[in-house]
Amino acid sequence: MSADPATAENLRLLRSSLSGSETGLQHHSDRSLSRFLRSKKTVDKAAALVLAYDAFVSEKGWQNLTFADVEKTFENKITVCCPDMRDREGRTIVWTRIGNFNKNTMKPEDVQKLMFFTMDWLTTTYERVQKDGVVIVGDWTGFSMFNFTPALPKLILHTAQNILPIRLKAACHVNQASFFNVVFGIITPFMGAKFRSRIRLMKDMDDLRNVVDNSMIPTEMGGQFSFPYDQVRDLMGKGKSHTDNPLNPAAAPPPQRTVVHM
């Protein structure tokens, strides 16, 4: 990563504030650390998020998380994204299909792990995602109260709000079930004011098309975009979550990323 002088200086300040050395914190590359600066704007706030992030990863044991660790959940298409898919303002879209969650065969922690890996992979691999931010589209088709567990939104919201260095621009919800307001009332207390301000409840798919062009909406949702699952699986398989360098110095170096500029 070739940083401009101001960013380079902030990166040095961030490393120094956290490690006492301008070259410290070697498990984070400059591109990894730049995510925190771009999402939090100030060195002090970025440093606090780095500490929370590293502590979370250590607690979970996700220092060397790979796609193989989340592939089974990925196959359920609960959280999917493709670097090609962007909204009308050019921001990367992350699709969540809440109705695909089955509490009898999946754990809320499985979904949390997949979301963490997906967001981490996007922001580390594609610098424009750091700059432009992401839009989450939650599709509630097929969701039933039978599969609802408060643990799922609690884990997801904690990770998105307090751990991941992402610039969330909007969280659009579409195809809400009749009891959506009940569910929303349950999860609202877990939302911070800033996150809550990003929530957009779409009246219907036409309302969503004001945000996302039909060419970027998956065919499964009535759009024209044929989601390239095999390609995305390959791209995510080449990536590595957490940082560019493993926290465990004894671990083998991560595979070289293939960064596709789309």
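Guide: A residue is buried under 20% relative accessible area, exposed over 50%, and partly exposed in between (1.4 Å probe, protein chains only). The model here is predicted: local features need pLDDT of at least 70, side-chain atom pairs count only at pLDDT 80 or more, and totals for chains, interfaces and linings use all residues. Residues are numbered from 1 along each chain as its sequence is written, and side-chain values use heavy atoms, with hydrogens and water left out.

Visitor: Is Lys41 buried or exposed?

Guide: Lys41 is exposed, because its relative accessible area is 57%. Find Lys41 in the loop between H2 and H3. Helices (H or I, at least four residues) and strands (E, at least two) are DSSP runs, numbered from the N terminus. The backbone of Lys41 also deserves a look: its phi is near 75°, a positive value in a residue other than glycine.

Visitor: Where is Leu25, and what is its phi?

Guide: Leu25 sits in the loop between helix H1 (5–19) and helix H2 (30–40). Its phi is near 60°, again positive in a residue other than glycine. Leu25 counts as buried, because its relative accessibility is 16%.

Visitor: Which residues gather in the patch of positive charge?

Guide: The rule first. A patch takes residues with over 30% relative accessible area and no salt bridge; like charges are joined within 9 Å, nonpolar side chains (Val, Leu, Ile, Met, Phe, Trp, Tyr) within 5 Å. Lys and Arg count as positive, Asp and Glu as negative, with His and the chain ends not counted. Each charge is placed at NZ of Lys, CZ of Arg, CG of Asp or CD of Glu. In this structure, Lys40, Lys41, Lys45 and Lys194 make up the positive patch on the surface. Lys45 belongs to helix H3 (residues 43–60). Lys45 is exposed, because its relative accessible area is 53%.

Visitor: Helix H3 also holds Ala46. Is Ala46 buried or exposed?

Guide: Ala46 is buried, because its relative accessible area is 0%. Phe36 is 10 residues from Ala46 in sequence, and their C-alpha atoms are 5.0 Å apart in space.

Visitor: Which residues form the nonpolar patch on the surface?

Guide: Met145, Val182 and Ile186 form it, with about 230 Å² of accessible area together. Such areas come from the Shrake-Rupley method with a 1.4 Å probe, and for residues only the protein chains shown count as cover. Take Ile186 as a case: it lies in helix H8 (residues 180–187). Ile186 is partly exposed, because its relative accessible area is 34%.

Visitor: How many salt bridges does the count come to?

Guide: A salt bridge needs a side-chain nitrogen of Lys or Arg within 4 Å of a carboxyl oxygen of Asp or Glu. The count here is 13 salt bridges. One of them joins Arg233 and Glu75, with the closest N and O atoms 2.9 Å apart. This pair links distant parts of the chain: Arg233 is in helix H11 (residues 229–238), while Glu75 is in the loop between helix H4 (71–74) and E1, 158 residues apart. Glu75 counts as partly exposed, because its relative accessibility is 39%.

Visitor: Which residues are linked with Arg233 in a network of salt bridges?

Guide: Glu71, Glu75 and Asp230 are linked with Arg233 in that network.

Visitor: What salt bridge does Asp87 form?

Guide: Asp87 pairs with Arg91, and their closest N and O atoms are 2.7 Å apart. Asp87 is buried, because its relative accessible area is 7%. Arg91 counts as buried too, because its relative accessibility is 12%.

Visitor: With which residue does Asp213 form a salt bridge?

Guide: Asp213 bridges to Arg88, with the closest N and O atoms 3.4 Å apart. The two come from distant parts of the chain: Asp213 from the loop between helix H10 (205–208) and H11, Arg88 from the loop between E1 and E2, 125 residues apart. Asp213 is partly exposed, because its relative accessible area is 30%.

Visitor: Where is Gly90?

Guide: Gly90 is in the loop between strand E1 (79–86) and strand E2 (92–97). Gly90 is partly exposed, because its relative accessible area is 22%. Gly133 is 43 residues from Gly90 along the chain, and their C-alpha atoms are separated by 9.2 Å.
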